[in-house]
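Please open the model in a viewer and keep the selection panel at hand. The stops below are taken one after another.

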Amino acid sequence: MPHKLSSTHLINQGDTSIYYPGTSTSAFTDSNFYKKCGKTAAGGDIKQYGCAICALGMFILYKGGLSNTTKSNVYYAVVEATTKGTNNAADFTASGFTAKIGSQSIGVTITPIADVSVEAEKGSICMMRLKQGSNSHYVIVDGHNSSASNFDKYLVCDPDGGVQKTLTATMQKRGFSVSASVITERYKLS
């Protein structure tokens, strides 16, 4: 199954062209972004620490039928993912929520799963955390290539660059061992 999300759903956590509404201040590189979203125990910025948030934001765009070509959609998807999908330290909570963008209410259900491969083969969209030592990163698994082998068969949307690639390519780029042991959290998104 090819990627379910298209290029119009991808969010690059380092995108400097996403501004606060009505300003020319880049939101994703602003160290006050989390505080403006009410996350007073959080530090850093979306570019540095926003992979889980941007992964959720991509799913919000996809499920809502919204496009990243409208920069305000990207901004509000990331704000909704931050305010409703994270705790006070802006850490991913794995709790479902309803995102409100414009007149839309977009329900996001997050279900912990034991095995991404089973869900990916069924065509489900999943989110996974890769963690090895202090190195941590979240991606969306939105496709499955049954003719490929190992982790190349998992197609991911990676907020590090806002690109589509294989899980192997993401693991290698981010400095993880290409091993199932680095997949520490798995969720089905619906």
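Select strand 1, residues 97-101: F97, A99 and I101 make up its covered face, while T98 and K100 make up the uncovered one. In a regular strand, side chains alternate between the two faces of the sheet. Strands here are DSSP runs (E, at least two residues) and helices are runs of H or I with at least four, both numbered from the N terminus. The model is predicted, so local features need pLDDT of at least 70 and side-chain atom pairs pLDDT 80 or more, whereas totals for chains, interfaces and linings use all residues. Residues are numbered from 1 along each chain as its sequence is written, and side-chain values use heavy atoms, without hydrogens and water.

Next, display the open sheet of 6 strands, antiparallel in the order 3-8-4-5-6-7. Its edges are strand 3 (110-112) and strand 7 (163-166), each pairing on one side only.

Finally, select Y49, C51, D91, S136 and Y138, which lie nearest the centre of the largest pocket among its 20 lining residues. Helix 2 (46-49), helix 3 (51-64) and strand 5 (135-144) each contribute at least two residues to this lining. A pocket is an open set of points on a 1 Å grid over the protein atoms alone, where a 1.4 Å probe fits, with protein on both sides within 12 Å along at least five of seven lines; lining residues have an atom within 4 Å of a point.

Terms used. Two strands pair if DSSP finds at least two bridges between them. Buried means under 20% relative accessible area, exposed over 50%, partly exposed in between (1.4 Å probe, protein chains only).
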